[in-house]
Amino acid sequence: MDGKIIKITSSEIASLWTAYLNNSMSIQFLNYFLSTVEDAEVKSIIESGRSLSIEVFNHIAEVFQQENIPLPYGFSDSDVNLNAPRLFSDEFIISYINHMSKAGMLGYTGFLSMSARKDIRKLFKNALYETSDLYDESSEVLLNKGLYVRSPYIDYPQQKDFVDSKKYLSGLNPFSNKRPLNAIELSHLNINIQNNLIGAKLSIAFAQSSPRKEVIKLMLQGKDISEKHLKIFSKVLLDNNTQSPISSDVSVTNSTTQVFSDKIILFHHGLLTASGTGNYATSAAASQRSDLVLNYERLSIEIAQYAKDLAYLMIQNEWLEQPPGTLDKVKLAQQKKQN
């Protein structure tokens with residue numbers, strides 16, 4: 001049977017809808033980066049990322065139009081001021097693209113796994129391949145410029161081994177020595193440190209360039225949360241006699257001119273908090289020391305509350321788009337009865 005005859009499922013609609021919004025946001029950020037970038041290598045990466053976002057965005061629009069599904073509003077040129085002064089350094093821009101390409105790979109993997117129709121699978125499969133290429137290219141630029149922050153090194157293992165005591169899982173007792181971190185726990189601590197570094201820088205940039213007091217307040221709150229989580233994760237490493245990964249110069253300029261609309265700023269931060277919650281859940285599941293698991297669980301609650309605050313402000317300003325959903329059949333029946 002021709003794949004186009006088969007209706008798309010709820011999971012496919014959800015994946016396409018989410019990817020459409022995310023790419024419409026990315027296009028505006030990449031357009032602004034192109035208007036301010038100075039480094040030729042970084043400019044090439046921005047152009048690759050922008051081409052990819054436009055390609056995915058247009059393909060999803062075609063599917064929605066074929067299926068007679070209304071396109072989300074998303075974001076447009078009105079959400080960015082391309083004439084605004086430079087807000088981010090080139091070092092930040094390439095680090096940001098590298099970070100978002102990692103999030104994109106995770107997102108497209110999930111979308112692909114939830115899709116059954118052949119053309120939808122092909123769309124997300126191609127997007128995944130091209131996003132992995134973007135990650136590879138941006139990583140290479142970071143490495144060549146000495147900007148890539150590597151995970152901590154450890155000694156190579158000399159032999160295979162098994163856990164021989166329940167103490168391996170402990171870590172909450174402040175009066176007992178905690179076992180050294182294993183490689184899996186180190187890797188998750190590292191990625192969460194890097195994610196919070198990016199989040200803190202973005203929060204500062206958005207706060208200093210927004211004209212709304214309520215948005216500035218939320219952005220500064222986001223900065224405080226990111227810095228708090230950074231300190232917690234870094235202390236775990238230091239207590240393990242491991243140096244916390246040192247970030248490269250991912251600076252924000254002193255410009256206070258508004259670059260992005262508050263609508264796109266809040267959406268972007270909502271995307272970051274969703275990604276952070278997912279990372280913490282994965283990290284908690286992968287970590288075996290109980291104190292690490294507790295840290296991830298309690299910090300996830302803080303992120304969830306912050307995400308609610310972002311959503312409430314978007315709702316107040318009628319900026320939060322409602323995802324496609326099912327109809328309330330009971331309500332329909334009651335309305336029919338009344339008529």
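This is a predicted model: local features need pLDDT of at least 70, side-chain atom pairs count only at pLDDT 80 or more; totals for chains, interfaces and linings use all residues.

Visitor: OK, how many salt bridges does the structure hold?

Guide: There are 13 salt bridges in the structure. One of them joins Arg179 to Glu185, with the closest N and O atoms 2.7 Å apart.

Visitor: Are Arg179 and Glu185 buried or exposed?

Guide: Arg179 is buried, and Glu185 is buried too.

Visitor: What about Lys235, which residue does it bridge to?

Guide: Lys235 pairs with Asp239, and their closest N and O atoms are 2.8 Å apart. The two sit in helix 6 (residues 213-239), and because they are four residues apart there, about one helical turn separates them. Asp239 counts as exposed, at 55% relative accessibility.

Visitor: And how far apart are the closest N and O atoms of Asp224 and Lys223?

Guide: Those are 3.8 Å apart in the salt bridge. Lys223 is buried, with a relative accessible area of 18%, while Asp224 counts as partly exposed at 45%.

Visitor: Which residues are linked in a network of salt bridges?

Guide: Asp39, Glu41 and Lys145 are linked that way.

Visitor: Switching to the surface: which residues form the positive patch?

Guide: Lys118, Arg121, Lys122 and Lys125 make up that patch. Arg121 belongs to helix 4 (residues 118-144). Its relative accessible area is 35%, so Arg121 is partly exposed.

Visitor: Now the rings. How many aromatic pairs are there?

Guide: The structure holds 20 aromatic pairs. Take Phe29 and Phe206: their ring centres are 6.2 Å apart and their planes are at 70°, so this pair is edge-to-face. The pair links distant parts of the chain, with Phe29 in helix 1 (residues 10-36) and Phe206 in helix 5 (residues 183-209), 177 residues apart.

Visitor: Is Phe206 buried or exposed?

Guide: Phe206 is buried, with a relative accessible area of 0%. Phe29 counts as buried as well, at 1% relative accessibility.

Visitor: What about Tyr108 and Phe111, how are those rings arranged?

Guide: Edge-to-face, because their planes are at 75°, with the centres 6.1 Å apart. Both residues lie in helix 3 (residues 90-113), three residues apart, or about one turn of the helix. Tyr108 is buried at 7% relative accessible area, and Phe111 is buried at 12%.

Visitor: Last one: which residues do ring pairs link into a cluster?

Guide: The cluster is Phe29, Tyr32, Phe33, Phe88, Phe92, Tyr96, Phe206 and Phe260.

Technical notes: Residues are numbered from 1 along each chain as its sequence is written. Side-chain values use heavy atoms; hydrogens and water are left out. Patches are made of residues with over 30% relative accessible area and no salt bridge: like charges are joined within 9 Å, nonpolar side chains (Val, Leu, Ile, Met, Phe, Trp, Tyr) within 5 Å. Accessible areas come from the Shrake-Rupley method with a 1.4 Å probe; for residues, only the protein chains shown count as cover. A salt bridge is a side-chain nitrogen of Lys or Arg within 4 Å of a carboxyl oxygen of Asp or Glu. Lys and Arg count as positive and Asp and Glu as negative; His and the chain ends are not counted. The place of a charge is taken as NZ of Lys, CZ of Arg, CG of Asp or CD of Glu. Buried means under 20% relative accessible area, exposed over 50%, partly exposed in between (1.4 Å probe, protein chains only). Rings of Phe, Tyr and Trp (its six-membered ring) pair if their centres lie within 6.5 Å; planes under 30 degrees apart count as stacked, over 60 as edge-to-face and the rest as tilted.
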